[in-house]
Amino acid sequence: QLPLPGSRLCLYEDGTELTESYFRALPPQTELVLLGPGESWRGCASDIERLLAAFCSQQGAVVEAARRLLTDERAPHRQKLLADLIHNLSENILAEDKEDDKKWFEGLESRFKNKSSYLRHSCESRMRGYMREVSGFISNVHPAARDAYRGIIDLMADKLKSVKYNGCYFDRREEEEAARLCTAEGWFSCQGPFDRDDCPCKHSINPYSNRESRILFSTWNLDHIIEKKRAVVPELAEAVKTRDGREVNWEYFYQLLFTLDNLKLVHIACHKKTNHNLSCDKTRIYRKRKQTHEIS
């Protein structure tokens, strides 16, 4: 029913327009697209674009259609694709309280009443763990410098307590702080290996979406760019030992250990365990002395 003038036959795969000789050379069962005047086809990528648009605008309908397909599907690979699609689209991202998404809280202690409180707790636990590592290093500190080292540990601990162990980064209600690491909807993107500006695989996750995503997010790492065990903590111990009357700039080490100045959120596959070969900034290890000028 298309007018012959201006109509074209193209390959479904990539939109290549067919000549008569090319058509005769095609293998059997090749998928084709018949275009009328003014129509265009850029290949199966166009289908993907329409599919992604449908995900955004008709999410419920897509999930229902996928469930119907899964009922009759027998191919294992296609079954997994459909099951993953249903799982990823069946999200309850905006739900915050336990009453609104009970499945998300399965396996967690009853004291957690909303998603942000659990994720804050998880972040706080990581920061407390870093603090324990710094404290545990004291046996490697020169005996004459241990009291000074303990004093710095106390200052860092007080600082961490004052900011609630940086758990605000995982609280959707504190948007100004959380925006540094994620969007208001709770999406987190892998920031890539320490020597890259971005993640080559474009990993992303929303731990607020469903229980499986919440569990998977626990495997993501906070990677110290200047390494905690190999560089930061030993440098701190050496600085305390050799301070020779100078004041150790403990806030610089605090930033390297506990803040996003030196931490990248990375998918476990992007967490490089090898030596980063990076060291602390020697000019920032000690505080600069204030100069005093005598007036004659």
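Two rings of Phe, Tyr or Trp (for Trp, its six-membered ring) are taken as a pair if their centres lie within 6.5 Å; planes under 30 degrees apart make the pair stacked, over 60 edge-to-face, and the rest tilted. By this rule the count comes to 9 aromatic pairs. The structure is a predicted model, in which local features need pLDDT of at least 70 and side-chain atom pairs count only at pLDDT 80 or more, while totals for chains, interfaces and linings use all residues. Residues are numbered from 1 along each chain as its sequence is written, and side-chain values use heavy atoms, with hydrogens and water left out.

One of these pairs joins F188 and F217, whose ring centres are 5.0 Å apart; with 40 degrees between the planes, the pair is tilted. It links distant parts of the chain, as F188 belongs to strand β3 (residues 188–189) and F217 to helix α8 (residues 211–217), 29 residues apart. Helices (H or I, at least four residues) and strands (E, at least two) are DSSP runs, numbered from the N terminus. How accessible are the two partners, F188 and F217? Here buried means under 20% relative accessible area, exposed over 50%, and partly exposed in between, with a 1.4 Å probe and protein chains only. F188 has a relative accessible area of 0% and is therefore buried; F217, at 6%, counts as buried too.

A further aromatic pair, W250 with Y254, is edge-to-face, with 6.4 Å from centre to centre and 80 degrees between the planes. W250 and Y254 are 4 residues apart in helix α10, so about one helical turn separates them. Both W250 and Y254 are buried. Elsewhere, ring pairs link W104, F105, F112 and Y118 into a cluster.

Charges also meet rings in this model. A charge is said to sit over a ring if NZ of Lys or CZ of Arg is within 6 Å of the ring centre and within 35 degrees of the ring normal. R128 lies over the face of Y165, at 4.0 Å from the ring centre, and R246 takes up such a place over Y286, at 3.8 Å.

Turning to the whole chain, there are 10 helices and 6 strands. The radius of gyration, taken over C-alpha atoms, is 28 Å, well over the 19 Å that the globule rule gives for 296 residues, so the chain is more spread out than a compact globule; that rule is 2.2 Å times the number of residues to the power 0.38. Along the principal axes, the C-alpha trace spans about 100 × 50 × 40 Å. Of the 296 residues, 40% count as buried. Contact means heavy atoms within 4.5 Å, and residues 24 or more positions apart account for 63% of the contacts with a separation of 6 or more.

What makes up the largest nonpolar core? A nonpolar core is a set of buried Ala, Val, Leu, Ile, Met, Phe, Trp, Tyr and Cys residues joined through side-chain atoms within 4.5 Å. The largest has 53 residues, and those with the most contacts inside it are Y149, M156, L236, F253 and F258. Two or more residues each come from α5 (115–136), α6 (146–162), α9 (228–241), α10 (250–258) and β6 (263–266). Apart from this core lies another, of 8 residues, among them A54, F55, V62 and V63. Beyond its neighbours within four places in sequence, F253 is in contact with M156, V232, E235, L236, A239, V248, C280 and I285.

The loop between α9 and α10 holds R243 and D244. R243, at 29% relative accessibility, counts as partly exposed. Neighbours within four places aside, R243 is in contact with A148, V248 and Y286. R243 and S21 are 222 residues apart in sequence and 83 Å apart in space, C-alpha to C-alpha. Most residues other than glycine have a negative phi. D244, however, has a positive phi of about 50 degrees although it is not a glycine, and at 69% relative accessibility it counts as exposed. N277, in the segment after β6, has a positive phi of about 55 degrees without being a glycine; N277 is likewise exposed, at 65%.

Helix α5 is the place of H121, which counts as partly exposed at 26% relative accessibility. H121 is in contact with R111 and F112, leaving aside neighbours within four places in sequence. H121 and Y165 are 44 residues apart in sequence and 9.1 Å apart in space, C-alpha to C-alpha.
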